Amino acid sequence: MRPIFRTFFLIDSSIPLTPTGCAILLNFLDFCISLSYTKNVMKTILVTGGAGFIGSNLLSKLLFSGNKYRLVCVDNLDELHSYSAKLKKANMAPFAKNRNFIFYKTDIRNIGALKRIFKKEKPDFVVHLAAKVNPRLAVSDPREYSSVNI
C-alpha cells in the first residue's frame, strides 16, 4: 500500500551528468529509496527533459540498472529552442517499449497536464532536467528560458 503523504526530492540539472555525475545521482536516488518505509516496492521516478541528451542517458542508466524503477518521462520535444525531435525520439528508442517506461509529450509549463500526470503516475522522485539550450534565443527571450530552466 502506498503512503498517503508523499515526499518528493527535486533533483535539478546542477548535478553535471558526466559518468561521475550519473553515478552520484544514482547513488543519491538509491539512498533516498533506502530511507523509504515502503521497502520492496518499485519506485516511480519522473524525469523532465528525459528525451534530451542528459535525460535520456539518465533514463537509460536507471532503466537498465536491474528493474528497480518505473520511469516517467515528460518532454515536449521542443525543436525551436533545442535540437530535433527526431534525434530526441532516437534517444528514447532503446527503452520506449520497456514496460517500466512511459512517455508524455507535454510542456512542463502546462500545469493542468502536469497535475494529471502526477495524479496518475504518483512519482516518488522528480528529476528536473528540462531546459531550453539555445543561448542566442535565451538572450532575445529570457522569460521563455527562465520559465523552463529554473
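## Quick briefing: cores, strands and confidence

Phe101 has contacts with Leu59, Leu63, Leu71, Cys73, Met92, Phe95 and Ala96, once residues up to four places away in sequence are set aside. Keep in mind that this is a predicted model. The average pLDDT over the protein is 78, and 71% of the residues reach at least 70.

**Nonpolar cores**

- Phe101 turns up again in the largest nonpolar core, which counts 18 residues; Phe101 is listed there with Ile45, Val47, Leu59 and Leu71 as having the most contacts inside the core.
- At least two residues of this core come from each of β2 (43-48), α2 (53-63), β3 (69-75), α3 (85-92) and β5 (125-128).
- The top contributor is α2, which puts in four residues.

**Strand β3 and its partners**

- Six of the seven residues in β3 are buried, so this strand is mostly covered.
- On one pairing, β3 runs parallel to β2, with six bridges between the two.
- Within β3, Leu71 sits opposite Ile45.
- Getting from β2 to β3, the chain passes through α2, and this β-α-β crossover is right-handed.
- β3 also pairs with β4 in the parallel sense, this time over five bridges.
- Val74 has Tyr104 in β4 as its bridge partner.

**Two residues worth a click**

- Asn100 belongs to the loop between α3 and β4.
- Is Asn100 buried or exposed? Asn100 is buried, because its relative accessible area is 5%, and the cut-off for buried is under 20%.
- Beyond neighbours within four places in sequence, Asn100 makes contact with Met42, Leu63, Asn67, Tyr69, Arg70 and Leu71.
- Phe103 lies in strand β4, which spans residues 101-105.
- With a relative accessible area of 28%, Phe103 counts as partly exposed, because that class covers values between 20% and 50%.
- Which residues does Phe103 touch, not counting those up to four places away in sequence? They are Cys73, Asp75, Leu77 and Met92.
- Phe103 and Leu71 are 32 residues apart along the chain, and their C-alpha atoms are 8.5 Å from each other.

Technical notes: Residues numbered from 1 in each chain as written. Predicted model: local features only at pLDDT ≥ 70, side-chain atom pairs only at ≥ 80, totals over all residues. Heavy atoms only, no water. Core = buried A, V, L, I, M, F, W, Y, C linked by side-chain atoms within 4.5 Å. Buried < 20%, exposed > 50% of the residue type's maximum accessible area, 1.4 Å probe, protein only. Contact = heavy atoms within 4.5 Å. pLDDT = per-residue confidence, 0-100. Pairing = 2+ DSSP bridges. Right-handed = clockwise from strand over helix to strand, strands pointing away.
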